[in-house]
Amino acid sequence: MTPTPAERTPTAVDAVAEAWVDTQVELSPELRVHLGREGDPSAYADYSPLGAERALDAARAALRALEAATPADEVDEVTARDLARELRQEIDQAEAGFAERDLNVIASPAQGIREIFDLMPTDSDADWAAIAARMRNVPAAVDGYVAMLRKGMREGAVPAIRQVAEVVEQTRKHAASDGFFAALAARPGDDLAASVAADLAAGAAAAREAYAGLGRFLAEELAPVATPVDAVGRERYAIASRAFLGASIDLDETYEWGIEELARMTTEQEAIAEEILPGGGVRGAIAHLDADPARRLHGTDALRAWMQQRSDEAIRALDGVHFDIPDPVRRLECMIAPTDDGAIYYTPPTEDFSRPGRMWWSVPEGVEDFSTWRELTTVYHEGVPGHHLQIGQAIVNRGLLNSWRRNTFVSGPCGEGGE
């Protein structure tokens, strides 16, 4: 039986939080697709320095409005504390020039501009027309992003060369004649109206050229000045740490603790390896497990089916025992991503759950065999009882939580370490 969420009367603090979500949607229209909200499904954020200035001004204004609102209850106190922390974090990151060097292999605009297509519906000609329109908007989004990275180059805020080199390879794949955009445009086959098919082909060509241009910029302009040092420095690390943990910590103390934890886990790993294959060591135990046919999968179809089976089993085992899982949250789709960069990630459901939560696996090119003993914890982390319950349970709780709390707020330690 699905529990009925508590109901509460919206407050002044809720109003500030709701307004901030509306502002986020306005500044980053991709969020409209994530949430399933009405409006233009093809627009992009302004990734240029001007767009960053507008976002910074908006965060400062929202913080002032929040500080003027008085919490009415304990729910408000949590909202006010965490929203203020998020807004101050955005301000700190903007003032420290995070956007000027925002390039990495997993979660930067270089990936985000493409990844939003994965969440767009493809059920009708109108859906494909929206995809075509978004493809035509890719060049402007990329141009703004390049302008921001050039600003970073002028100010000496550049990413590490290892990140640049890997993203160059990602852009090459997206720009290829058999890459993501070309494959997406070819997916409907002959089922589309001729005008939509033509728009889709033209949009794919524009998006491919935009990513080809991004790759040229990265290789020819940014790479020669990129830093060979992976570390970002103590000041930037402290800001990023606060974002991830939701608190300020003693970096030196935490580093020493981390070294101690690494030693403890290494000792534990060696002990477990000895149980698995006496005398074989860690590498021997790994090879032994990898060679076990009962722990092997071949092909992405088998991987996807295994992911789905494990997730469905976890929901059945947990519901009514450890959690009361509402009906909409019991559905999780396991997907093979249309890319091959190796990322594994979760995308939330829409606000009305018309698009379910999804776990995505981007299988690297040439990889066809998988060891289930290696991957099971990843399935649990990205799906159930991980991100899907963490985020899905919040989204379904409309009676108690405002839109910001349900849809866009993620507490760092709860988001990636506390599922």
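This is a predicted model: local features need pLDDT of at least 70, side-chain atom pairs count only at pLDDT 80 or more; totals for chains, interfaces and linings use all residues.
What share of contacts in the protein chain between residues at least 6 apart in sequence join residues at least 24 apart? Read on; point 2 has the value.

1. **Contacts along the chain.** Take the contacts between residues at least 6 apart in sequence. Of these, 74% join residues at least 24 apart. That answers the opening question.

2. **Overall fold.** The protein chain has 17 helices and five strands. Along its principal axes, the C-alpha trace spans about 60 × 55 × 50 Å.

3. **Burial.** The protein chain holds 419 residues, and 43% of them count as buried. The cut-off here is under 20% relative accessible area.

4. **Helix α10.** This helix covers residues 234-245, which makes 12 residues. The sum uses one less than the number of residues. Just after α10 comes Gly246, with a positive phi of about 75°.

5. **The second largest pocket.** This pocket holds about 650 Å³ of space. It is lined by 32 residues, and the closest to its centre are Leu119, Met120, Pro121, Thr122 and Arg355. Several elements give two or more residues to the lining: the helices α2 (30-35), α6 (125-155) and α8 (180-186), and the strands β2 (332-336) and β4 (357-361). By class, the lining of the second largest pocket has 15 nonpolar, 12 charged and five polar residues.

6. **The cavity.** How many cavities of 30 Å³ or more does a search of the whole structure find? The search finds one. The largest cavity holds about 30 Å³ of space. Its lining consists of Gln111, Arg114, Glu115, Gln170, His174 and Asp341. The largest share, three residues, comes from α5.

7. Which classes line the largest cavity? Three lining residues are polar and three are charged. None is nonpolar. For the second largest pocket, by contrast, the lining includes 15 nonpolar residues.

Key:
Residues are numbered from 1 along each chain as its sequence is written. Side-chain values use heavy atoms; hydrogens and water are left out. On a 1 Å grid over the protein atoms alone, a cavity is a set of points where a 1.4 Å probe fits but cannot get out, and a pocket is an open set with protein on both sides within 12 Å along at least five of seven lines; lining residues have an atom within 4 Å of a point. Grid points are joined across faces, edges and corners, and a volume is the space filled by probe spheres set on the points. Helices (H or I, at least four residues) and strands (E, at least two) are DSSP runs, numbered from the N terminus. Ala, Val, Leu, Ile, Met, Phe, Trp, Tyr, Cys and Pro count as nonpolar, Asp, Glu, Lys and Arg as charged, and the others, Gly among them, as polar. The expected span of a helix is 1.5 Å times one less than its number of residues. Buried means under 20% relative accessible area, exposed over 50%, partly exposed in between (1.4 Å probe, protein chains only). Contact means heavy atoms within 4.5 Å.
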